[in-house]
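Hi there,

Here is the structure I promised to pass on. Please have a look, and my notes follow below.

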Amino acid sequence: MSDWVKGRVVARHEWNTGLYSMRIEAPIEDFRAGQYIKVAMDIAGERVGRPYSLVNAPGPGPLEIYFNEVPEGPLTPRLSDLAMGDELWVSARAGGIFTLEQVPSTETLWMLATGTALGVYLSMLGTEEPWERFARLVLVHGVRQAADLAYSEVIQSFAAQYGERFVFVPLVSRETQPDGLGGRITDRIADGSLEAHVGARIDTEHSHVMLCGNSAMIKDAKALLEARGLRRNSRHSPGHYSTE
């Protein structure tokens, strides 16, 4: 991913303070849903780049990234200040293996995300593959504040199109969320309330769980899943959960 192509900002949206999405036109190679690109700017004579998962599904149209601004960071404060028409650098090829290609087919696919990791799953859900391979898809988004629950129109479009085959569970840890559950994702797995809310069990026979986001969530969720007998998935040894 060392080759760069020029990109141009075609849209920018601020979801909440310090929480942004950006659409970029750039001639990159074909990619798979779940992969990431690097976005860079030339700052003080140095090209500073960071990886960002793609929110958009593969196909024509602009690339889209979803990110938090890190006030002391070298890139995101400048990235969030870009306006339509501004140029930046984008890696010519996407990378990463956190894709559905690596996931065994099963009855229910659980997609667990914290923060901006939601974008990975929106890219996947925007393709035909998950709807062809899984009977039911459960998208869980953990955030601190309700204002951080982004992309509601996109999520509602999946619910409208696929009905009971799709379940969205917002999990807000620091506020009351009337349409979802309170607390952290791992708390709700531990006490069984997430499964009760969805009406499905996370088990070895009927489930595959994808984990993406905060490293602490992934670590704690892995321990909870393995205590139930779920094994990590790999290319050479199919299992019951996958991590980014």
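A word on terms before the helices: axes are lines fitted to C-alpha atoms, for helices over the stretch in contact, and angles run from 0 to 180 degrees between N-to-C directions. Helices (H or I, at least four residues) and strands (E, at least two) are DSSP runs, numbered from the N terminus. This is a predicted model, where local features need pLDDT of at least 70 and side-chain atom pairs count only at pLDDT 80 or more, while totals for chains, interfaces and linings use all residues. Residues are numbered from 1 along each chain as its sequence is written, and side-chain values use heavy atoms, with hydrogens and water left out.

Now the helix pair. Helix 2 (residues 118-125) packs against helix 4 (residues 152-162) at about 40 degrees, and their axes are 11 Å apart. Helix 2 is therefore oblique to helix 4 (under 35 degrees is roughly parallel, over 145 roughly antiparallel, 65 to 115 roughly perpendicular, the rest oblique). In their contact (heavy atoms within 4.5 Å), Leu 118, Leu 122 and Leu 125 of helix 2 meet Val 154, Ile 155 and Phe 158 of helix 4.

Six strands make an open, parallel sheet in the order 10-9-8-7-11-12, where two strands pair if DSSP finds at least two bridges between them. Strand 10 (181-182) and strand 12 (241-243) are at the edges with a single partner strand each, so one side of each has no neighbour in the sheet. Strand 9 (residues 166-172) runs parallel to strand 10 and is joined to strand 10 by two bridges; Val 172 is opposite Gly 182.

Best wishes
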